[in-house]
Amino acid sequence: MPATAVIGGQWGDEGKGKIVDFMAQNADIVVRYAGGGNAGHSVENENGKFALRTIPCGMVNSHSRMNIVGRGTVPELGIVVGELQALEEKGIDITRLRIDAAAHLVMPWHSAKDRLEEESKRKGNNSIGTTGNGIGPCYADKIDRVGFRAGDLLDINTFYENFRQRFKQRVAYLKRNYRSHFKRCSCCDLCRDIISGSVAVCQLHENIAYLKRKFESLDNLICDTRPILWEALDKGQNILLEGAQGFMLDIDHGTYPYVTSSCTGVASAAQGSGVPVNEIKERIGVFKSYTSRVGEGDMPTQMAGYPERKIREIAHEYGTVTGRPRRLGWFDTVFVKEVVRANGLTGVAITRLDILDDFPLIGVGIDNGTGGRRIDWIPGWGPKESVGPCRTWDSLPEAAKDYCNRIACGVPIKYISVGPGREETIVVS
Ligand code: GTP
Ligand code: IMP
Ligand code: MG
């Protein structure tokens, strides 16, 4: 099994963290290929509970010998350092991390622009509801060919010189464009620094010093990671390409403009890592057994009232990064069929099936014939039966099997998750 891509099939937070952690038990290398600190992946395993944002979930799995932040991602150094410190505290060997030299770095002015942009539109419409992590502005600079890349840190003096110059330009731009919001804004260090007139390099210094200390030299952390992957493929080792966000948030395929600024699907797994497309033999879509969305934008199967309140309460459906309550909906087969087709999925992983234990009737969104959705109600297995204790397909209640087959949209079911722990996973053969 050379390379396997694991993508989110909805609007993110499908439980990719849990599935990647499970699959990483068989992976030599795990790679994040897109997105940055906007992602939040939660993992619970024998090493503890982890909330990862930029660093691949393979890091919390002793089997994976290397974890790569690929060239399609946009890491922010402060976030990476924070994650590494949290991992260190739990005794994880952090030197198994590599960051691709071509990955673009989120800079303080990117996050400031993101937040000021949201702030300035707060009372109007068209707010995207971003996570405020500077993802869009950073990718915009990348496409505009003016970004800072991780490899630039290897020539630190030139980097600081360019940083200072760009800082001045970007501050002038932000002041010009968001003047009235600046006065009230206390959203981030950059805004505070701008208001007080100082330059935001101190934090950057500290982060770089930490990385140098831990990796002895930045060359041990930042490099062209593609040869590592190519060599692993030549040796027949297993590579896991870990998606962030979900396909409905993809900049090309998602619900534009209410999307993130990266490509989130299988094609991006190749592009953002350097693993050739033809080596990605397995393409797994992770689908939560219902739907959630955080941020703005349409959600055709959105629930109202009791089911939403109930699921939010038992499943703690709040954004990992922002803490915002997620909107919840029934499973949307119309979108999912597109996700299956566009990504050539070879398998699906269904997560959080146990959360539906309490519902005697479960809604499934289907085409209403005019481009919208109609909710089809099908019998659940609860409250008499529960999927939580099940560890095999055969032991699942018949109604749960019917439900899984229905939402898998014709794609083989590979995994069913019935609880947060690694062992609470059914491998379907
Ligand atoms: P991704 O971004 O796709 O990785 O998902 P996420 O980690 O953002 O999802 P979320 O923030 O909703 O957190 C998932 C939480 O649910 C974590 O604590 C997981 O351990 C847990 N979890 C994962 N799968 C299941 C499951 O099947 N059942 C239950 N009850 N919990 C799960
Ligand atoms: P951005 O990626 O921060 O620019 O946010 C753009 C949109 O994508 C917003 O609606 C966010 O809520 C959403 N988004 C980005 N990352 C995630 C994620 O990891 N999970 C869920 N939604 C996300
Ligand atoms: Mg998440």
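Contact means heavy atoms within 4.5 Å. The legends below use the word in that sense. The model shown is predicted.

**View 1. The whole chain.** The chain has 13 helices and 19 strands. Its C-alpha trace spans about 65 × 55 × 35 Å along the principal axes. For 429 residues, a compact globule would have a radius of gyration near 22 Å; the chain has 22 Å, so the two agree. Buried residues make up 56% of the 429 residues. Take the contacts between residues at least 6 apart in sequence: 75% of these join residues at least 24 apart. The accessible surface comes to about 18100 Å², and 49% of this belongs to carbon and sulfur atoms.

**View 2. The magnesium ion (ligand 3) and its protein donors.** Which residues supply the donors? They are Asp-13, through OD, and Gly-40, through O. They lie 2.1 Å from the ion. Asp-13 sits in the loop between β1 (3-8) and α1 (16-23), and Gly-40 in the loop between β3 (35-36) and β4 (41-45), so the pair ties together parts that are 27 residues apart in sequence. Is Gly-40 buried or exposed? Its relative accessibility is 16%, and buried means under 20%, so Gly-40 counts as buried.

View 3. Most peptide bonds are trans. The bond from Tyr-256 to Pro-257 is cis, with omega near 5°. Pro-257 has its place in the loop between β10 (239-242) and α10 (266-271). Another cis bond joins Gly-382 and Pro-383, with omega about -5°. Look for Pro-383 in the loop between β17 (373-379) and α13 (398-407).

**View 4. Two arginines with positive phi.** Most residues other than glycine have a negative phi. Arg-145 is not a glycine, yet its phi is positive, about 60°. It lies in the loop between α4 (135-143) and α5 (156-177). With a relative accessible area of 74%, Arg-145 is exposed. Arg-352 also is not a glycine, and it has a positive phi of about 60°. Its loop runs between β15 (347-351) and β16 (361-367). Arg-352 has a relative accessible area of 28% and is partly exposed.

**View 5. Asp-332 in a strand.** Find Asp-332 in strand β14 (residues 331-332). Its relative accessibility is 4%, so Asp-332 counts as buried. What does Asp-332 contact, leaving aside its neighbours within four places in sequence? The residues are Thr-291, Pro-300, Thr-301, Gly-365 and Arg-373. Val-364 is 32 residues away from Asp-332 along the chain, but their C-alpha atoms are separated by 6.3 Å.

**View 6. His-104 in a loop.** His-104 is found between β8 (97-100) and α3 (108-120). Its relative accessible area is 8%, so His-104 is buried. Set aside residues up to four places away in sequence. His-104 then touches Thr-73, Val-74 and Pro-75, among others. Its contacts also include Cys-138 and Lys-142. Gly-147, Phe-148 and Arg-149 complete the list.

**View 7. Ile-416 and its contacts.** Ile-416 belongs to strand β18 (residues 413-417). Its relative accessible area is 0%, so Ile-416 is buried. Neighbours within four places in sequence are left out here. Among the contacts of Ile-416 are Ile-350, Leu-353, Trp-393, Leu-396 and Cys-404. Glu-424, Thr-425, Ile-426 and Val-428 are in contact with Ile-416 too. How far apart are the C-alpha atoms of Ile-416 and Leu-353? They are separated by 7.4 Å, although the residues are 63 apart along the chain.

**View 8. Tyr-160 in a helix.** Tyr-160 lies in helix α5. At 9% relative accessibility, Tyr-160 counts as buried. Leaving aside neighbours within four places in sequence, Tyr-160 is in contact with Leu-204, His-205 and Ile-208. From Tyr-160 to His-205, the C-alpha distance is 9.5 Å. In sequence, Tyr-160 and His-205 are 45 residues apart.

Definitions and conventions. Residues numbered from 1 in each chain as written. Chains lettered and ligands numbered in written order. Predicted model: local features only at pLDDT ≥ 70, side-chain atom pairs only at ≥ 80, totals over all residues. Heavy atoms only, no water. Helix = DSSP H or I, 4+ residues; strand = E, 2+ residues; numbered from the N terminus. Rg over C-alpha atoms; globule rule 2.2 N^0.38 Å. Buried < 20%, exposed > 50% of the residue type's maximum accessible area, 1.4 Å probe, protein only. Areas by Shrake-Rupley, 256 points an atom, 1.4 Å probe, with all protein chains shown as cover. Donors = N, O, S within 2.8 Å, 3.2 Å for Na, K, Ca; no water.
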